[in-house]
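Here are my notes from going through this one, point by point. Have the structure open while you read.

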Amino acid sequence: MIAQYIVNGILIGSLYACLAVGFSLIYGVLSIINVMHGSFVVLGAYITIYCTEYFGISPLIAALIGCGIMFVFGFLVQRYLINDLVTAPIFITFTLTFGLDLLLNNAMIQAFTATPRSLTLEYGSITILGVSLSIARLGAMVLALVLTGLLYWLLRHSQMGRAIIAVRMDHHAARLLGIRVERVYAITFGIGTMMAAAAGGAMATVFPITPLLSGVFLGKAFVICVLGGLGSVPGALVGGIALGLLESFGAIVFGSQWSTTVGFALMILVLVVRPSGLVGRKGFE
Amino acid sequence: MFGQFFKFALQTFAGGLLFLSSTVLTQAANTIRIGAPLSLTGSLADEGSKEQQGLDMCVDAVNAKGGVKVGTEMRKLEAIKYDYQSETSRAVQIVQRLLTVDKVDFLFAPYGSGDTKATAVLAERYNIPMIATSAASEAVYDQKGKNLFGILFPNNAMVQTEVEFYKARVPQAKKVAVFALNSLFPKAIAAALRDTAAKGGFQVVFDGLYSQGTMDFSNVLTQIKAANPDWLYATGYIQELMVIRRQMANLGMKIPIVTMTAGAAYPEFAQNLGPLANNVTTNAWWHPSATYKDSYVFGDAQQYTKTFRDKYKKEPTYLEASATAGCEVLAQSVEHAGSVDADAVRKQLSTRQFDTFYGPIKFGPSGQNAINSPMILQIQDGKYMVLDPQAVKTGELKVGVGG
């Protein structure tokens with residue numbers, strides 16, 4: 001039983017990590033609290049669902065198509081809507097993304113209706129040592145972890161990744177060194193949006209999706225980033241898996257109705273005791 | 001959280017703008033005005049839009065035949081609708097506004113038992129009849145008011161029928177697990193089922209609650225699986241019930257009877273789950289296969305279903321039907337009273353029996369429909385079959401969910 005609980009927690013936790021990593025990256029580099037993040041996840045999920053249903057392709061490919069589309073979308077949103085305000089106080093950009101989210105979310109309710117939609121995939125499940133593992137969930141977990149790992153690797157080893165880190169550390173200095181900061185901002189926002197779409201694609205294989213979930217996703221992203229530490233990829237990973245396990249055991253110890261409360265309660269505790277998060281450091285990576 | 005607060009503040013502002021624009025547009029002369037707070041956005045947006053479609057069905061049908069005969073003149077129906085964003089506090093504000101600014105003649109209640117109860121006090125204070133089309137919990141009608149009228153018959157009648165039905169069909173089933181959403185109606189009907197089942201000889205092996213927005217049920221389901229129930233009774237709205245059914249499959253759960261209340265009665269449940277929905281049973285206050293006659297509009301239930309299908313390209317559920325019936329009951333009462341005076345109409349509502357496509361409606365002393373006609377449905381190969389009542393039965397119970 002305990003093994004099953006732990007596995008359940010890690011399966012959902014990996015999805016949470018993927019959900020939060022884009023949010024965390026955008027905050028870390030652009031210092032923007034992107035309220036649209038939840039809606040980006042939902043939009044990515046819808047692209048996956050529609051591509052899978054209408055073109056009959058595998059959800060994995062559909063999710064990757066979703067990632068591509070959303071990268072471009074995120075890039076354009078940053079370049080033409082957010083960029084002018086990116087150096088403004090955080091409250092201004094917060095208001096901007098909040099307003100854009102209202103527009104985007106209501107447009108999605110109009111377009112997709114509030115009725116939940118889901119993929120009817122039945123890959124079944126396997127049992128290892130008495131622990132049942134759903135293939136769809138396992139696949140979603142692998143997709144989420146691979147993309148998160150890839151992002152981490154790219155940030156450390158590619159030229160663009162180093163430029164992003166440089167802008168995150170000091171955008172004035174980065175500009176002096178010849179980095180095109182605006183472009184880095186737009187690409188980072190695009191990557192964050194792409195990661196949201198990846199999380200959405202993974203979610204679509206295991207959850208029914210409705211535009212109304214965007215608030216739930218955004219709430220989770222907040223909690224995870226506070227738990228793990230805002231602005232870092234490992235932080236999102238640790239935070240996500242920690243939240244998955246916490247909710248999992250919270251449901252057993254306190255009853256299922258308290259499982260979401262446990263996450264928020266711990267968030268408050270972490271904010272008081274260790275404001276930089278479980279693996280976060282003061283300052284930059 | 002700060003973000004939540006901010007979101008709320010802006011939503012309130014946006015809602016305010018919506019108010020201003022809609023009142024200017026909705027002042028038409030000499031209509032019978034029904035105020036309808038609807039949850040068109042937010043967590044109950046799906047249910048809210050169903051309710052709106054049901055209401056529109058009635059308004060359009062009645063107006064198409066010339067309107068409601070009030071004394072010697074014909075007056076059209078007009079629905080004054082506002083979106084309350086699935087938030088109870090906004091529902092209360094909107095009902096207040098409908099009563100004081102729009103000065104509507106009659107009211108519809110917002111969606112569900114909780115919000116209905118919260119707003120019914122206003123109907124009572126302003127002495128305006130309010131029709132609740134989606135509140136089935138008895139606790140909504142215990143405020144000793146005289147203005148709240150509920151179309152759905154009580155939860156208890158529903159669970160009574162269910163317990164007797166399964167007990168008779170599956171006598172070897174002894175253990176029941178109850179899992180409910182922590183909200184007024186899902187919790188109330190689950191509690192009623194638990195008590196009725198215990199009295200009926202079932203052993204309650206699991207009794208738990210979950211909160212809205214829960215994304216992962218695997219651990220609770222692991223617990224339920226360990227309890228090895230013969231009957232799982234899960235309540236909630238469509239989103240969570242779909243996740244529960246999927247995760248049951250992930251964990252390889254096999255249970256003879258799985259009943260999912262409320263959400264599973266909507267066709268989207270079966271469409272989205274595909275084969276996983278098979279053999280899940282649910283219940284309904286009404287179903288398109290009903291055979292009730294209606295002399296006021298529509299003719300009968302079949303005709304209603306056909307009209308609905310032509311208009312919205314989908315099947316109506318009890319939720320749309322009950323909203324249509326609620327508005328129809330109001331129209332008939334106005335006609336019999338010969339005026340829109342609240343006291344005269346209330347007298348008709350509380351004394352008369354209404355024969356509608358939805359079934360006979362007669363409001364009892366508490367204001368809730370006292371005529372019970374519970375239906376038990378089962379999804380078989382993606383289709384909803386009626387198992388009970390026997391008079392309209394379209395299929396036999398198939399035992400075994402998940403294998």
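1. How many residues does helix α5 of chain A have, and how far does the helix reach from its first C-alpha to its last? This is a predicted model, by the way. The helix runs over residues 135–157 of chain A, which makes 23 residues. End to end, its C-alphas span 32 Å, close to the 33 Å expected at 1.5 Å a residue.

2. Now see which parts of that helix are buried. The buried residues of α5(A) include Ala136(A), Ala140(A), Leu143(A), Leu147(A), Leu151(A) and Leu155(A). Arg137(A) and Thr148(A) are on the buried list too. A helix of this kind has 3.6 residues a turn, so residues three or four places apart point the same way.

3. On to chain B, which is split into domain 1 (2–153 + 289–361) and domain 2 (155–284 + 375–392). The C-alpha centres of these two domains of chain B are 29 Å apart. Their contact draws 17 residues from domain 1 of chain B and 15 residues from domain 2 of chain B.

4. On the domain 1 side of that contact in chain B, helix α4 (residues 112–126) gives the most, with three residues. By class, this side has five nonpolar, eight polar and four charged residues.

5. Last, the contact between the chains: chain A puts in 34 residues and chain B 36 residues. On the chain A side, the elements giving two or more residues are α1 (2–30), α4 (90–112), β2 (131–134), α10 (233–254) and α11 (259–273). That side of chain A has 15 nonpolar, 15 polar and four charged residues.

Terms used: Residues numbered from 1 in each chain as written. Chains lettered and ligands numbered in written order. Predicted model: local features only at pLDDT ≥ 70, side-chain atom pairs only at ≥ 80, totals over all residues. Helix = DSSP H or I, 4+ residues; strand = E, 2+ residues; numbered from the N terminus. Expected span 1.5 Å × (residues − 1). Buried ≥ 20, exposed ≤ 12 C-beta atoms within 10 Å, placed from the backbone. Domains from an automatic or database assignment. Contact = placed C-beta atoms within 7 Å. Nonpolar A, V, L, I, M, F, W, Y, C, P; charged D, E, K, R; others polar.
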